[in-house]
Amino acid sequence: MLSLLADALLRPKMEQAEFDKLRKRAIDGIANANTEWHVLANQVVFSHLPIAGNLFNMDQWDGYPAQRQRVWDALRTATNPLVITGDIHAAGAGHLHEVLD
């Protein structure tokens, strides 16, 4: 059981080639842009959003904490990073800390 949990926590939300494309086009572009706000928009909740205690929602970034942290580590090198999310039919706001969980 622990092995299954460890595998789940380390598996990627996106394949390496897709992640590299995101990093090249979006994250590096955001970090190098000369703008007041650096925005990353995506379809699923990026911040930690526990359901029923501390269960992972595998349809959101919560189910992929290692890769989410890699994205955040790259994005937060920019000034005023902002992540905009849709898809859950609700409104919310949160503060992303250095370590997301």
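Visitor: What should I know before we start?
Guide: This is a predicted model, in which local features need pLDDT of at least 70 and side-chain atom pairs count only at pLDDT 80 or more, while totals for chains, interfaces and linings use all residues. Residues are numbered from 1 along each chain as its sequence is written, and side-chain values use heavy atoms, with hydrogens and water left out.

Visitor: How many residues has the largest nonpolar core?
Guide: That core has 16 residues. A nonpolar core is a set of buried (under 20% relative accessible area, 1.4 Å probe, protein chains only) Ala, Val, Leu, Ile, Met, Phe, Trp, Tyr and Cys residues joined through side-chain atoms within 4.5 Å. Among those with the most contacts inside it are Phe-46, Trp-61 and Val-71.

Visitor: Which elements give two or more residues to this core?
Guide: They are helix H2 (16-32) and helix H3 (65-75); helices are DSSP runs of H or I, at least four residues, numbered from the N terminus. The largest share, four residues, comes from H3.

Visitor: And what is Val-71 in contact with?
Guide: Leaving aside neighbours within four places in sequence, Val-71 is in contact (heavy atoms within 4.5 Å) with Phe-19, Leu-22, Ile-27, Leu-40, Phe-46 and Trp-61.

Visitor: New topic: where is Asn-80?
Guide: Asn-80 is found in the loop between H3 and S2. Asn-80 has a positive phi of about 50° although it is not a glycine.

Visitor: Is Asn-80 buried or partly exposed?
Guide: Asn-80 counts as partly exposed, because its relative accessibility is 33% and that class lies between buried and exposed, the latter being over 50%.
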